[in-house]
Amino acid sequence: MNNIRPAARRAALTGAAAAASFVLAATGGITAATAATPAATAVTVRVVANEHNQADVTFAQQMIPHHRQAVAMAQMVRSHSSSSEVKALAARIEKAQEPEIETMTGWLKAWGEKVPQGMGGMQDMPGIGQGDDDDAMSMSGMMDDQQMMMLDHASGRAFDTMFLTMMIDHHEGAIDMAKRELRQGSYGPAEDLASDIIRTQSAEIAQMRAMLKTR
C-alpha cells in the first residue's frame, strides 16, 4: 500500500474501509469459526490498514490550530500588503488550509477525540512534553500574541518582509510536525496529508526565501 501514489492510496483506503464495514455489518464480525478463511483475513487486513494511533490524534489536534493561524496570517495580507506576489501566495496558503482543517476535524470527531478550538491550546494537546521529539514539537512555528499583533500593525513593504519571515518559520514548524507523523503515525490518510504538507510547504518556503532576496 505504501508504494501506491497518494491519490490512489487514499481511494484504495476509502474503498477498503467501506468493504470492511459492509462485511462486518453483514456477518456480525469475525468469529473464531471464520477467522482462518481468506475472506476473514482480507477483512482483517483492511481494518488494520485504517487503524489510527495516538500519534495520528496528536498530529490532527496540533495541526488544526497551526493551520488556523496560517489562515489568520494570510488574511492580514489582503489589507496590509503592497505586493501582488505576496497576496497571491497568501491566497494560495489560505485556500490550502481550510479543507485540511475540515478533514482533520472529521477524523477527530470520528475517533471520539477532542477538537481544538481557535489557535490556542497547543500546549494542552496530547504529545506536548512527551516522547523523544519534545524539542521539535515545542518549536512548532506558532506565533505568540505579541508577534501576531506586530504583524497586524505593520503595512506595505515592512509587512511583506515580516509576513514572509514569519510564514517561513510557521511552515517549517508544520513540516516538523508532518515528519513526526510519518515516523510515528499509522493512519494512512494522515500519512498522506503529512506528505502533502511537506511537499507543498517546502516549495512555498523556497518561493518565500527567493521573494525575500528581492526586498
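Biologist: What makes Asp196 and Arg199 a salt bridge?

Modeller: This is a predicted model, and in it the closest N and O atoms of Asp196 and Arg199 are 3.7 Å apart. The cut-off is 4 Å between a side-chain nitrogen of Lys or Arg and a carboxyl oxygen of Asp or Glu, so the pair qualifies. Both residues lie in helix 8, 3 residues apart, about one turn of the helix.

Biologist: How many salt bridges does the structure hold?

Modeller: There are 4. One of them joins Glu204 and Arg92, with the closest N and O atoms 3.7 Å apart.

Biologist: How do you know that Glu204 and Arg92 link distant parts of the chain?

Modeller: Look at where they sit: Glu204 is in helix 8 (residues 188-213) and Arg92 is in helix 4 (residues 84-111), 112 residues apart. As for accessibility, Glu204 is at 8%, under the 20% limit, so it counts as buried. Arg92 is at 39%, between the 20% and 50% limits, so it counts as partly exposed.

Biologist: What makes Arg209 and Glu172 a salt bridge?

Modeller: Their closest N and O atoms are 2.6 Å apart, and the limit is 4 Å, so they count. Arg209 is in helix 8 and Glu172 in helix 7 (residues 156-184), so this pair ties together parts 37 residues apart in sequence. Arg209 has 42% relative accessibility and Glu172 has 29%.

Biologist: Now the rings. Why is the pair of Trp107 and Tyr187 called edge-to-face?

Modeller: A search of the whole structure finds 4 aromatic pairs. For Trp107 and Tyr187, the ring centres are 5.5 Å apart, within the 6.5 Å limit, and the planes are at 85°, over the 60 degrees needed, so the pair is edge-to-face. Trp107 is in helix 4 and Tyr187 in the loop between helix 7 and helix 8, 80 residues apart.

Biologist: Are Trp107 and Tyr187 buried or exposed?

Modeller: Trp107 has a relative accessible area of 10% and Tyr187 has 12%. Both values are under 20%, so both residues are buried. Trp107 and Tyr187 also form one aromatic cluster with Trp111.

Biologist: Why is the pair of Phe159 and Phe163 called stacked?

Modeller: The planes are at 15°, under the 30 degrees cut-off, and the ring centres are 6.0 Å apart, within 6.5 Å, so the pair is stacked. Phe159 and Phe163 both lie in helix 7, 4 residues apart, about one turn of the helix. Phe159 is at 0% relative accessibility, and Phe163 is at 0% too, so both count as buried.

Biologist: Last one: what is the mean pLDDT of the protein chain?

Modeller: The mean is 79, and 67% of the residues reach 70 or more. Over residues 13-49 the pLDDT is below 50, and this stretch has 27 contacts in the model beyond near neighbours in sequence. Residues 121-139 are also below 50, with 33 such contacts. Where pLDDT is low, the predicted coordinates should not be read in detail.

How values were computed
Residues are numbered from 1 along each chain as its sequence is written. Side-chain values use heavy atoms; hydrogens and water are left out. pLDDT is the predictor's confidence in each residue, from 0 to 100. Contact means heavy atoms within 4.5 Å. Helices (H or I, at least four residues) and strands (E, at least two) are DSSP runs, numbered from the N terminus. Buried means under 20% relative accessible area, exposed over 50%, partly exposed in between (1.4 Å probe, protein chains only).
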